[in-house]
Amino acid sequence: MALRLPATTRAGRGIVGLLVLLGLVALLPAHPARADNPIIQTVYTADPAPLVHNGRVYLYTGHDEDGSTWFTMKDWRVWSSADMVNWTDHGSPLSLTTFSWAKSDAWAGQTIYRNGLFYWYVPTTNRATGRMAIGVAVSDSPTGPFRDALGRPLIENGEIDPTVFIDDDGQAYLYWGNPHLWYVKLNADMTSYSGSATQIPLTTAGFGTRTGDANRPTLFEEGPWVYKRNGLYYLVFAAKCCSEFIAYSTAPGPTGPWTYRGTIMPTQGGSFTNHAGIVDYQGGSYFFYHNGALPGGGGFTRSVAVEKFAYGSGGTIPTINMTASGPPQVGTLNPYVRQEAETIAWESGVETEPSSEGGMNVGWIENGDYIKVKGVAFGAGARTFTARVASAAAGGRLELRLDGVNGPSAGTCTVPGTGGWQTWTTVSCPVSGATGTRDLYLKFTGGSGYLFNLNWWQFG
C-alpha cells in the first residue's frame with residue numbers, strides 16, 4: 001500500500017496544491033490556468049540538464065526537499081517531453097544511495113549519451129574525505145535505473161557542477177568548477193580520463209569583470225554548460241553570486257581562448273541561484289533555468305522552467321527573461337494512445353509516486369485537484385474515455401473538462417474503491433464534445449480525504 005500522510009504534514013507540496021491559484025496571480029499576466037512555467041509543479045526541482053534523444057527531450061534535474069533552508073538534496077529526477085509543454089515524470093533513477101561512497105549533497109549534474117549508454121555526471125560529498133567529488137553513473141536507458149560506474153569518484157578536487165561535451169572528432173570533455181573552472185579529456189569509455197585536470201584561466205576578457213570581490217575578479221561563479229553550435233563553442237555559466245545571473249562566453253575551440261559575450265538571463269525570479277541548460281529541438285532553441293516561482297519557493301526550494309529563443313547573427317544569444325507562459329507547444333498530444341497520468345503541463349494538488357504496475361502514478365488526489373494536459377488533438381471527436389485507477393478509500397469522480405478547470409464537460413467517470421492504493425482496475429465512460437485540438441483538464445471530485453490514484457488514461 002502506498003504511504004498516505006495527513007494533509008497537514010505535506011509541507012511544500014501541500015502548499016503548492018492549496019495555493020497554486022492564489023500564489024501565482026501576482027506572477028501571471030493572464031489567467032492562472034494559462035501558466036505552463038515552471039514546467040514541474042509536483043516537487044521542487046533545480047539545475048536542469050536537457051538531453052535530446054530519439055525525438056524526445058529528456059530533462060535531468062536536482063530535487064530540493066520540501067521546506068529546505070539549505071541545498072538539502074538527496075536524489076536526482078528525470079522527466080521527458082515530445083512537445084516542450086507536457087512533461088512525463090520518470091521518477092528518481094539516481095540517488096545518493098546509488099554511490100556507496102557518497103555522504104550528502106545531490107547537486108547539479110548532466111547526462112550524455114554515447115555508444116548505447118547514458119552517463120550521468122554528478123557532484124556529491126565523498127564520505128571518506130568530506131570534500132565534493134564527481135561521480136559517474138551509467139544506464140542503458142535515458143530514464144534509468146542508473147548504477148555507479150566506478151564504485152569511487154571519477155575525480156575530486158572539492159569543486160562542483162560537472163558539464164560534459166563530446167566534440168565532432170569524438171573527444172569528450174568534462175568541465176566543472178566553483179570557484180575555479182577545470183576540464184579533463186575523457187577517454188572513449190567515458191569513465192576515465194587522460195592526463196590531469198587543467199585549470200582554465202579566468203580572465204576578464206574571457207569571463208567578464210566582477211567588482212567588489214578581489215578574490216574573484218571575473219563574473220564566473222559556477223554551473224558551466226558547454227556545447228558547440230555551427231562551429232562555435234559556447235560556455236554558459238551562472239555569474240556573480242549573489243543573486244546570480246546567467247552569462248556566456250564563446251571560443252574557437254573546446255578549451256578556449258574564451259571571449260565574454262554578455263548576459264543571457266538577468267538577475268530575476270525568487271531564487272538567488274540560477275543554472276542553465278540549452279538544447280536545439282525540432283527546429284527551435286530552448287533555454288532551461290530555475291527560479292523560485294512556485295508557492296513556498298525560494299533559494300532552497302527552486303523550480304525548473306524553460307523559454308524558447310532564437311540565436312542572433314553570428315550565433316549571439318539574446319537576453320531572455322523569465323515568463324509564466326513558457327514556450328509554445330511543438331505539435332499536439334495524441335489522446336488515442338495510452339498516456340501516462342504523470343504526463344502534465346500544469347497541475348494543482350497532486351503528487352506522483354512509483355506504481356506497482358511500473359513507472360509512476362498520480363496520487364494524493366483530493367476534491368478539486370486537477371491535471372492540465374495541453375494541446376490534445378481530438379480530431380473528429382472522442383467517444384469514450386478509459387483510465388486505470390486505484391483507491392483504498394471510496395473513490396470519487398474523474399471529470400473531463402475542456403479548455404479550463406471549469407470549462408465544458410466532455411464526460412465523467414466514476415471511480416470505485418478497489419481495496420488498496422495500488423490495487424488497480426480500469427474504468428470507462430462515454431465522451432461527447434471533445435473535438436479539435438483542446439486543452440484537457442482531468443478534474444478530480446468527491447468526498448473528503450484522498451480519493452484515488454491514477455496510472456494512465458486513453459480516449460477512444
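Colleague: How many disulfides does a search of the whole structure find?

Modeller: A disulfide is a covalent bond between the sulfur atoms of two cysteines. The criterion here is a pair of cysteine sulfur atoms within 2.5 Å, and the search of the whole structure finds 2. This is a predicted model, where local features need pLDDT of at least 70, side-chain atom pairs count only at pLDDT 80 or more, and totals for chains, interfaces and linings use all residues. Residues are numbered from 1 along each chain as its sequence is written, and side-chain values use heavy atoms, with hydrogens and water left out.

Colleague: Which cysteines form the disulfides?

Modeller: Cys241 is joined to Cys242, with an S to S distance of 1.4 Å. Cys413 is bonded to Cys429, and their sulfur atoms are 2.1 Å apart. The latter pair links distant parts of the chain, 16 residues apart: Cys413 lies in strand 30 (residues 409-415) and Cys429 in strand 31 (residues 420-430). Strands are DSSP runs of E, at least two residues long, numbered from the N terminus.

Colleague: What is the handedness of the link of Cys413 and Cys429?

Modeller: The angle about the S-S bond is -95°, and the link is left-handed.

Colleague: Are these cysteines buried or exposed?

Modeller: Buried means under 20% relative accessible area, exposed over 50%, and partly exposed in between, with a 1.4 Å probe and protein chains only. Cys413 has 1% and is buried; Cys429, at 7%, is also buried. Cys241 counts as partly exposed because its relative accessibility is 30%.

Colleague: What share of the 460 residues counts as buried?

Modeller: For the protein, that share is 60%.

Methods
Helix = DSSP H or I, 4+ residues; strand = E, 2+ residues; numbered from the N terminus.
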